[in-house]
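Please read the following note alongside the sequence and the coordinates.

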Amino acid sequence: MIKKRFHARRLPNHGAQSGWTALLPPRTPQPALDANINSDVVIIGAGFAGLAAAVRLADLDPKLSVVVIDADVVGNGASGRNSGFLIDLPHDIASGNFGVDAAAKNRSEILVARTAIQHYARMTQEHGWDKDIFDPSGKYSVAMTEAGTEHLALYSSQLQSMGESHKLLDVAEIEDLTGTRSFRSGLFTPGAVMVQPAAMVRAIADLFQEPVRLFEQTPALSIETSSTGCTVKTPKGRVSAARVILATNGHAESFGFGSGELLHVFTYASLTEPFMPSTLGGSRKWGATPAAPMGTTIRRINEADGDRLLIRSRYTYNPNIEASPGSMKRAGALHDRKFADRFPDHRHLKMQYRWAGAMALTRNSVPLFGQLEEGIYAACACNGIGGTKATSAGIAIAELLVGHRSPLGEIFSAFDKPQTLPPRPLTDVGARLNLAYREWRAGRE
């Protein structure tokens, strides 16, 4: 007898193809589910969280049967749409979101991030991925203004107090790296990793073999609970399992979970057409985050047909979990201005690809994590930095399911529940004003 039924009110709509996916060779996706099957665990969502959960479950119990379903093709979702940074340190050491003293917050946040990085480093070693997928090169933070330089100096002193390795770069050193004179200073931290995000999630998905099965282009239409377990219905089949893991980030709300608790925010990226490497000095491969929060992220990548520059900036609140054409157009115009400000000698370059990617935030910056209903678990709401936070949430939820204890699991189990947001009109106005104010404060950064 059915106890509860949760219908998907909407399905993911990712919009324009990301540049990361466009640069990859064609891939044949796994077939869609077209039968009724049984499994011990079914995971909804094949992004960072869902894939990490599947890998961790297989590590902890190789006999456990696991089914992973995704509404799209692996790599097309949010996990293949970010800037490709796996960041090991908090953006701002003076703040945190773990509800204890500042030093403990920082240690916990670093453990969460480095657990995810170690997860991918192990897979890189085991499967021989090259640096085009996973490159432990470290990352830079760059400053366009004097205020940005002061922020990097403060951040440096905070890192020093924690014993974290780093190096401040002056204007000449940052020019040697970037090939442009636009930046005033920089800061290098060696623990971050640069990835090709779409290539990495594809590589993980293509590793699965019995008893782990992946079905792409298989949206979950509903979840039913009963005395015998759970059933996930799809357009052409169903999966009966003892437990369900929601690894759908903001789309947990589509099933009614996290309703009134999740903020749906999109960020935007543009990738240039290829250019001859000799036309821009500096290193041919690097990534930099902005000195100010909500500023502009940059990456230079090198491909067979030349080098490209990626610009990521602009945040919008989108409660319908879709980025509108108007939002894309406005973000693109901003990217063009940001690009010209940083690379004035290359302002003639056209942006070949533009795309948006979704993230889910909560009012108190905690994930939607743990058991939501009998048999239904969640690893959702990454609150930004999804490459590490979502991955670690997937690892932690897998450990929770099999009763494995770890420091990571203790951190996630200690999180408060997401706080309820104000009523929609107030949330909508407040979220948009907050994002606009933060972007205004970032200024040229």
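**Notes on the predicted model**

1. Glutamate E399 is located in helix α8 of what is a predicted model. Its relative accessibility is 4%, so E399 counts as buried, the cut-off being under 20%. Leaving aside residues up to four places away in sequence, E399 touches R56, L60, H404, S406 and G409.

2. Helix α8 (residues 386-402) packs with helix α9 (residues 407-414) at an angle of about 100°, and their axes lie 9 Å apart. The two helices are therefore roughly perpendicular. On the α8 side the contact involves K389, S392, A393, I395, A396 and E399, while α9 contributes L408, G409 and F412. Five nonpolar, two polar and two charged residues make up this contact.

3. Helix α7 covers residues 325-342, and its 18 residues should span 26 Å at 1.5 Å a residue; the end C-alpha atoms are 26 Å apart, so the two values agree. Its buried residues are S327, M328, A331, G332, L334, H335, K338, F339, A340 and R342. These buried residues pack against four strands: β14 (262-272), β16 (297-303), β17 (306-317) and β18 (351-362).

4. Where does pLDDT stay under 50? This applies over residues 95-100, for which the model has 17 contacts beyond four places in sequence. For the protein chain, the average pLDDT is 95, and 98% of the residues score at least 70.

Methods:
Residues are numbered from 1 along each chain as its sequence is written. This is a predicted model: local features need pLDDT of at least 70, side-chain atom pairs count only at pLDDT 80 or more; totals for chains, interfaces and linings use all residues. Side-chain values use heavy atoms; hydrogens and water are left out. The expected span of a helix is 1.5 Å times one less than its number of residues. Buried means under 20% relative accessible area, exposed over 50%, partly exposed in between (1.4 Å probe, protein chains only). Contact means heavy atoms within 4.5 Å. Axes are lines fitted to C-alpha atoms, for helices over the stretch in contact, and angles run from 0 to 180 degrees between N-to-C directions. Angles under 35 degrees count as roughly parallel, over 145 as roughly antiparallel, 65 to 115 as roughly perpendicular and the rest as oblique. Ala, Val, Leu, Ile, Met, Phe, Trp, Tyr, Cys and Pro count as nonpolar, Asp, Glu, Lys and Arg as charged, and the others, Gly among them, as polar. pLDDT is the predictor's confidence in each residue, from 0 to 100.
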